[in-house]
Amino acid sequence: MKKIIKGTTFAFAMATLLAGCGSTKFVQEDYEKAYASGDYDTCITMLETRDEDSILNGLDSSMLQYLKKDYAASGRELTATQAEMQTVSKDMTASKTMEAALVGENSVTYSGATYERILVYSMKAVDSFKMNNVPSAVGVMNDYTGNYKEEIAALVAQQKEIAQESEGLTESEKFKTAASALEKVGVNLPTSGAPAVSKAPIYEASPFLSYLGTLAYAANGDSVHANDFASVLASTNSKLDVSEDLAVPEGKGRLDVIALTGTIAKRTEGVNKFDFEKISEIIGAPVYFKMVYPEYQSQKTDSVKSVTLSNGASGKIVLIEDFDEAVKNDVESKARSAYNRSLFRNVTKTSAVIAGAVGSVQAAKNDMAKNLAVKAFKASYAPIMDLEKADVRQASYFPSKASAAGFTVEPGTYTVTVEYSDGTKDVIENVTVDAGKPTVVVSEKMN
């Protein structure tokens with residue numbers, strides 16, 4: 001029997017066939033078309049050839065596995081990528097990261113932002129719940145409690161150290177010497193335009209992960225650890241009521257419905273460009289500084305309209321966590337440091353080039369000599385500016401928001417209907433609820 005894929009072009013049909021041979025190359029436009037059509041297998045194959053850090057490719061691939069409903073593969077790849085993250089953390093000190101960033105933001109080995117580290121744990125637990133494997137979810141949480149604090153504390157300390165070192169770059173002798181050389185030829189450094197020092201909190205606690213931990217341990221009959229996670233959840237000012245998950249009423253069962261919506265917000269490149277018109281006139285070519293830093297790109301995502309059960313019950317929907325907010329805070333906390341490093345690179349890498357060009361042009365005795373000087377300037381100056389790119393790398397397919405509704409019900413089998421704001425419905429049938437413990441189901445509308 002032939003399988004016909006509706007809406008798939010011949011090119012993508014061929015790409016799918018080639019994917020089986022491992023020869024599909026990553027082309028951004030083709031990749032985006034494959035993703036939009038739901039052809040996640042082709043996307044995953046393309047990622048294997050994408051020129052990106054392996055951690056980033058692993059995070060994207062694992063979430064594409066989730067979207068294609070291969071939860072076992074998603075969990076395995078998340079675990080492998082998580083191990084790689086931890087290896088990178090151990091090998092990459094703050095000084096090494098700083099040194100790499102002074103070459104260019106994208107020269108830094110991608111190791112995953114703090115919120116991504118925690119989302120890896122969260123999605124591993126979600127994969128377990130999707131497979132109705134509570135012991136696996138408990139194993140994820142055991143790993144979290146055993147390794148989380150040390151790993152995250154190290155990341156937070158590194159981020160603070162890099163921020164401090166970045167702030168002091170303009171006081172270094174190398175910077176002052178280069179700035180002095182520029183001032184002598186009429187290039188005055190910009191004194192405005194830098195992002196403000198961030199007041200955003202550093203991401204260290206996840207309400208969603210705390211909720212998942214509460215459910216996992218409660219479903220496994222471990223009230224001690226369930227209460228520990230519930231306490232952390234309460235400390236995040238969550239409005240979720242998990243009291244009946246921790247102590248299910250006698251003879252009743254508990255059904256928790258989690259809904260994941262949208263894909264996580266992105267970051268874009270912020271640019272502050274300063275043109276030096278007088279120097280440009282002297283040299284006869286554009287002279288400018290381009291300071292780059294990450295910016296948050298806001299978005300609108302679907303929400304959950306209702307969660308109902310086949311017995312007629314309708315649950316109150318509570319937003320557990322907005323992961324877009326995590327991206328926003330992460331971007332704001334890093335923008336000022338990135339800007340300072342970019343300014344340092346602009347000044348120290350171009351001072352000799354600009355000063356040399358001014359001297360050569362002014363000393364030129366004819367148009368030919370001047371043209372040669374300008375040509376030499378363009379050849380050396382443009383590549384320096386072309387390398388100024390903000391680090392906007394991040395995993396693309398984590399959820400944007402997580403919401404939940406809880407039901408205390410009679411033991412039995414239920415159909416769960418999750419309706420989203422655009423009117424689409426996810427109907428989950430044959431959900432068995434046992435007495436005395438939570439049952440967890442997960443719905444998603446993530447693309």
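Visitor: Is Ser 111 buried or exposed, and how do I tell?

Guide: Read the relative accessible area. Below 20%, a residue counts as buried. In this predicted model, Ser 111 has a relative accessible area of 18%, so Ser 111 is buried.

Visitor: Where does Ser 111 lie?

Guide: In a loop. Ser 111 lies between α6 and α7, and α7 covers residues 114-130.

Visitor: Which residues is Ser 111 in contact with, leaving aside its neighbours within four places in sequence?

Guide: Four names to find: Ile 55, Met 85, Val 88 and Arg 117.

Visitor: What about the whole chain? How much of it is buried?

Guide: The chain has 447 residues, and 49% of them count as buried. It exposes about 21,200 Å². Carbon and sulfur atoms supply 51% of that area.

Visitor: What share of the contacts links residues 24 or more positions apart?

Guide: Take the contacts with a separation of 6 or more. Residues 24 or more positions apart account for 77% of them.

Visitor: Now backbone angles. What should I expect of phi?

Guide: Most residues other than glycine have a negative phi. Then look for residues that do otherwise. Phi of Lys 69 is near 70°, a positive value.

Visitor: Where is Lys 69?

Guide: In the loop between α4 (54-67) and α5 (71-91). Lys 69 is exposed, because its relative accessible area is 54% and the cut-off for exposed is over 50%.

Visitor: And what is phi of Asn 430?

Guide: It is near 55°, again a positive value in a residue other than glycine. Asn 430 is found in a strand, β8, which runs over residues 425-433. Asn 430 is exposed too, with a relative accessible area of 62%.

Visitor: Next, helix pairs. At what angle do α6 and α8 cross?

Guide: Follow the two axes. Helix α6 covers residues 94-101, and helix α8 covers residues 134-167. Their axes come within 9 Å and cross at roughly 45°.

Visitor: Is the crossing of α6 and α8 left-handed or right-handed?

Guide: Right-handed. From α6, the contact is made by Ala 94, Thr 97 and Met 98. From α8 come Gln 158, Glu 161, Ile 162, Glu 165 and Ser 166. By class, the contact has three nonpolar, three polar and two charged residues.

Visitor: How do α8 and α14 cross?

Guide: Helix α14 covers residues 323-363. The axes of α8 and α14 come within 8 Å and cross at roughly 40°. So α8 is oblique to α14. This crossing is left-handed.

Visitor: Which residues make the contact of α8 with α14?

Guide: On α8, find Gln 159, Ile 162, Ala 163, Ser 166 and Glu 167. On α14, find Ser 333, Lys 334, Arg 336, Ser 337, Asn 340 and Arg 341. By class, this contact has two nonpolar, five polar and four charged residues.

Definitions and conventions:
Residues numbered from 1 in each chain as written. Predicted model: local features only at pLDDT ≥ 70, side-chain atom pairs only at ≥ 80, totals over all residues. Heavy atoms only, no water. Helix = DSSP H or I, 4+ residues; strand = E, 2+ residues; numbered from the N terminus. Buried < 20%, exposed > 50% of the residue type's maximum accessible area, 1.4 Å probe, protein only. Axes fitted to C-alpha atoms, helices over the stretch in contact; angles between N-to-C directions. Left-handed = near helix turned anticlockwise from the far one by under 90°. Contact = heavy atoms within 4.5 Å. Nonpolar A, V, L, I, M, F, W, Y, C, P; charged D, E, K, R; others polar. Areas by Shrake-Rupley, 256 points an atom, 1.4 Å probe, with all protein chains shown as cover. Parallel < 35°, antiparallel > 145°, perpendicular 65-115°, else oblique.
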